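Hi,

Here is the structure I said I would pass on.

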Amino acid sequence: MQFEWTAGQDAFRHKIRDFLHANLPADWEKFSEHGPASPALTAFARDFCVKLADAGILFPHWPLEMGGEGLGPWEQQILSEEMWIAGEPRGGQYMNVNWIGPTLEKYGTPEQKARYLEPITRGESLWCQGFSEPDAGSDLASLRTRATLTEGNYVISGQKIWTSYAGLADTCFLLTRTSDDRKKGITIILVPMDTPGITVRQIPSLIGEGDIHEVFFDDVTVPETARFGEEGQAWEIVAYSLRNERLGIPRFTLARAALDRAVTMLQEQGRFAREYVRIEAARCAALCEAAGTANYAVVQKRVDGLAIGAESSSARYATVMAERAVCEFVVEFLPEALAGASPYLKMHHQRGIVAGVAAGSAEIQLNIIASDVLELPREPR
Amino acid sequence: MHLSLNEDQRQVLDFIDSLARPYAGVPLHDAGLTLESAELDAALVENGFLDVLMVEELGPVTAALVVEKLARLPFAVEAAASSFVRPLIDPDLPRPLCLVEEGRTGGPVRFLRPGASVVIVGPSGVRSFKADESVIAGAQEDALYAYPVAFLTGLPDAMTAHEVDPAEVLRSWRVGIAAEAAGLLGAALASTVTYVSERKQFGRPLATFQGMRHRLAEDQVMTNSVYWLALRAAGTGDPGDAALALLHAQEAAKRVCYDYHQFLGGMGMTLEHPLHLWTYRLKLLTAELGGRGEQGLAAAEALWG
């Protein structure tokens, strides 16, 4: 076992940091207060990702046959960490390179690959993920947005909700129901967001402007060729996608960086001497580092080519604990940070506070740990 | 970064598994609150398992893996201090080692008995002496801890001074105890999971009730991350990592001991079940080195000055 980064991994991290230093504007910290899905950050990301592509660090972890450099999971992790600590200047395009691209490569038709992969590699496309519905959140398989095949076209009707990036995305990775079979009746359709019949409404939130939306589909008609995979194959494809994105965003890194920033502010103001503040800060640091090592243990399994199972849920829940602790530490000891005194800590709070809700709720992670890590007998249904 | 076990580590752990197999079971009822085995201890010494830190190709991470593994046994083994502190001060110091903080000599001392090496660690240095009956007061016979404990009645005038940085000893001490706590946490969790999966109430296993499942899952998250933080602290040798590892271990112990006794109901309170062998060791470890607060302060000092 080796807990230090190799020289090559360190060099890769520094390459990214140097790039960020050279390409983020001087007022970036204030600017990044705009959420990752905001119009301002999305517009910024369109230029920034093109530069990343030119520098060869937009998708270096992709295999050589996809045009990547074939770097491994550790480099993907390092790339994600550095971008997230910096406030995610890729905006929503992080999804493209983490899972949409690899999923297109595996399941897409030649036409779909030709149409969608190249814009991703140029840093020019933005996707949204049409999964959750008003009555299908954690219980995703109960989704009802219906797609009906009629004369060579799918006609789609229904509603999605809490959809990130929908306001500005070019394409939706949409889960639809094509039959009543709970999981085997779900089908993916790639829907251009400018198709007539789509209405996007922003949901005002405290986690940043432009972040989440309702999306309505009223007889939205797309050709049958927009189907991704076979009818009923969505559950399998999404499971594959999650293998590329199982750990989700490396939130623990930003939590730790925010904690360090909070401590620095407290020190500058002479407010870090009291023992209970120091102890609470250390407790937060322990939770951040705990989450980090738990996440790294999962990355190692990817490196070793092993199947990743429920241990990723354990790592994700550790991250939720860390995010919660740091968010609460800042509010308790630096309440002014969320009211203008620190754009960085406010940005962290807005992104960190959703850790237990976004991309699979914390309680679902606990269910998975109970059944698949601890192997407890299942609850009766 | 490489977090898989290497071949040497796998072999060491497999060897311990075979060696410890006769000690994996628990003699119930008559075992009392503490359980030790001189034979197991001798076998570990004879095979060099408490000295792996000094073996170049094994080192501190393997030592932490060994301590963690041994702590899972129902039998208490003085492994953490011998594995992590003894090599720093004197590899020939007689075992068991009893680590005591200068100025905190009044608490229960684990494994204290005639012949043990007592090591006093503090700002004025690191000193040791061989304990004899004149400085030992036995604990109450039915003391609740599942480690053998006794009290120091005083310190001898003459002690052996060791030329070693006390801060380095404290760091290693924290790593050793964090690794021991990781093993205790793992064993206590496994033991509880087995029980609640078999015990039926209302016609179904207790483990099928979500109120219990979620708390056990959270306990797993804590247990898993204590393991990794302990190994990392061993691997990096960083004082901040060591303080964070023990802080997290003590936080976890406080939480899970309550849960597990609660989930075992009456069985957790009687000696019909071995749970106490792990939890009532963990409880004493929550007080080690001044407890969570002291680890927090040490970590804060190391991280932020």
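Let me start with the sheet pairing in chain A: strand β6 (residues 198-203) of chain A pairs with β7(A) in the antiparallel sense, over 6 bridges. Two strands are taken to pair if DSSP finds at least two bridges between them, and the elements themselves are DSSP runs numbered from the N terminus, with helices being H or I of at least four residues and strands E of at least two. Within that pair, A:Gln202 stands opposite A:His213 in β7(A).

Before going further, some housekeeping. This is a predicted model, where local features need pLDDT of at least 70 and side-chain atom pairs count only at pLDDT 80 or more, while totals for chains, interfaces and linings use all residues. Residues are numbered from 1 along each chain as its sequence is written, and chains are lettered from A and ligands numbered from 1 in the order in which they are written.

Back to the strands. β7 (residues 212-223) of chain A is also joined to β3(A), by 10 bridges, and the two run antiparallel. In β7(A), A:Phe216 is opposite A:Gln159 and A:Val215 is opposite A:Lys160. β3 (residues 153-164) of chain A has antiparallel β2 (residues 146-150) of chain A as a partner too, through 5 bridges, with A:Thr148 opposite A:Val155. β2(A) and β3(A) make a hairpin with 2 residues between them, and A:Glu151 in the turn has a positive phi of about 50 degrees.

Which residues does A:Gln159 touch, leaving out those up to four places away in sequence? They are A:Glu133, A:Pro134, A:Thr145, A:Glu214, A:Val215 and A:Phe216, where contact means C-beta atoms, placed from the backbone, within 7 Å. A:Gln159 sits in strand β3 of chain A, and its C-alpha atom is 5.7 Å from that of A:Val215, though they are 56 residues apart along the chain. A:Gln159 counts as partly exposed because 17 other C-beta atoms lie within 10 Å (20 or more would be buried, 12 or fewer exposed, with C-beta atoms placed from the backbone).

Now the helices. The axes of α8 (residues 251-268) and α10 (residues 311-333), both in chain A, come within 9 Å and cross at roughly 20 degrees; axes are lines fitted to C-alpha atoms, for helices over the stretch in contact, and angles run from 0 to 180 degrees between N-to-C directions. That makes α8(A) roughly parallel to α10(A), a label for angles under 35 degrees. Among the residues that meet are A:Phe252, A:Leu259 and A:Leu266 from α8(A), and A:Val326, A:Phe329 and A:Phe333 from α10(A). The contact residues divide into 11 nonpolar, 1 polar and 2 charged (Ala, Val, Leu, Ile, Met, Phe, Trp, Tyr, Cys and Pro are nonpolar, Asp, Glu, Lys and Arg charged, and the others, Gly among them, polar).

In α11 (residues 343-352) of chain A, the buried residues are A:Leu345, A:Met347, A:His348, A:His349, A:Arg351 and A:Gly352, and what covers them includes α8 and α10 of chain A.

Finally, chain B has an open sheet of 3 strands in the order β2-β6-β5, with antiparallel pairing. Its edge strands are β2 (109-110) and β5 (136-138), each pairing on one side only. β5(B) is joined to β6 (residues 149-152) of chain B by 3 bridges, and B:Ala137 has B:Phe151 as its bridge partner.

Cheers

Note on methods:
Angles under 35 degrees count as roughly parallel, over 145 as roughly antiparallel, 65 to 115 as roughly perpendicular and the rest as oblique. Two residues are in contact if their C-beta atoms, placed from the backbone, lie within 7 Å.
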